[in-house]
Amino acid sequence: MRTPREHSLSSKATEAAEVPLDIVEVGMEQLDTIRRLNVEIFDDAHIIETFERDDLLMLLARTAGTAVGFKLGYRLNEATFYSAKGGVHPAHRRSGIARALLYAMLDVVAQRGYERFVYDTFPNKHPGMTVLGLDEGFEVIRAGYSAKYQDYRLRFAWTFDEA
């Protein structure tokens, strides 16, 4: 099992954030912080079904020492990493934090040797993640209606270059 370590922002992530930002890889000791953020962001206590996942990755974004966003994901299969959930506190949106978290996660996932990175989003509930995926050149590989969430679900994918 990998041990959490501080993750250095890539220059691309640093440029994406319009505020001074630290993104760190955290372990289960920060789960309460992520739970609190999840409720503040989504007004929902549910994060993911279980944290007992292969290659679980949890990133926490802080500005001025305050936790303002998170992103977490896990191994979907040998080649694919799944970004399961993430968000930015409403008071800190539109400052590049979500994009910086995405870049930081892509960096870690690439370093871990995955071939593909995927995430699902609900465009009517979270239009920002749809726009971000399209803006960053992600490919839509699946679309369908989710009765559970009463919204369409889009799956975005990024394939890493082998070079």
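R94 counts as exposed, because its relative accessibility is 82% and the cut-off for exposed is over 50%. This is a predicted model. R94 lies in the loop between β4 and α3, a helix that covers residues 97–111. The phi angle of R94 is near 65 degrees, a positive value in a residue other than glycine. Most residues other than glycine have a negative phi.

Q150 also has a positive phi, of about 50 degrees, although it is not a glycine. Q150 sits in the loop between β6 (139–146) and β7 (151–159). With a relative accessibility of 62%, Q150 counts as exposed.

A buried residue comes next. T80 has a relative accessible area of 9%, and the limit for buried is under 20%, so T80 is buried. T80 belongs to strand β4, which runs over residues 80–88. Which residues is T80 in contact with, leaving aside its neighbours within four places in sequence? They are R75, Y114, R116 and V118.

The protein has four helices and seven strands. Along the sequence they follow the pattern α-β-α-β-β-β-α-β-α-β-β. Of the 163 residues, 46% count as buried. The accessible surface comes to about 9100 Å², and 46% of that surface belongs to carbon and sulfur atoms. Among contacts between residues at least 6 apart in sequence, 63% join residues at least 24 apart.

Seven strands form an open sheet with mixed pairing, in the order β1-β2-β3-β4-β5-β7-β6. Its edge strands are β1 (22–26) and β6, each of which pairs on one side only. Neighbouring strands of this sheet are turned by 25 degrees against each other on average, direction ignored.

E25 has L59 in β2 as its bridge partner.

Note on methods: Residues are numbered from 1 along each chain as its sequence is written. This is a predicted model: local features need pLDDT of at least 70, side-chain atom pairs count only at pLDDT 80 or more; totals for chains, interfaces and linings use all residues. Side-chain values use heavy atoms; hydrogens and water are left out. Helices (H or I, at least four residues) and strands (E, at least two) are DSSP runs, numbered from the N terminus. Buried means under 20% relative accessible area, exposed over 50%, partly exposed in between (1.4 Å probe, protein chains only). Contact means heavy atoms within 4.5 Å. Accessible areas come from the Shrake-Rupley method with a 1.4 Å probe; for residues, only the protein chains shown count as cover. Two strands pair if DSSP finds at least two bridges between them. Axes are lines fitted to C-alpha atoms, for helices over the stretch in contact, and angles run from 0 to 180 degrees between N-to-C directions.
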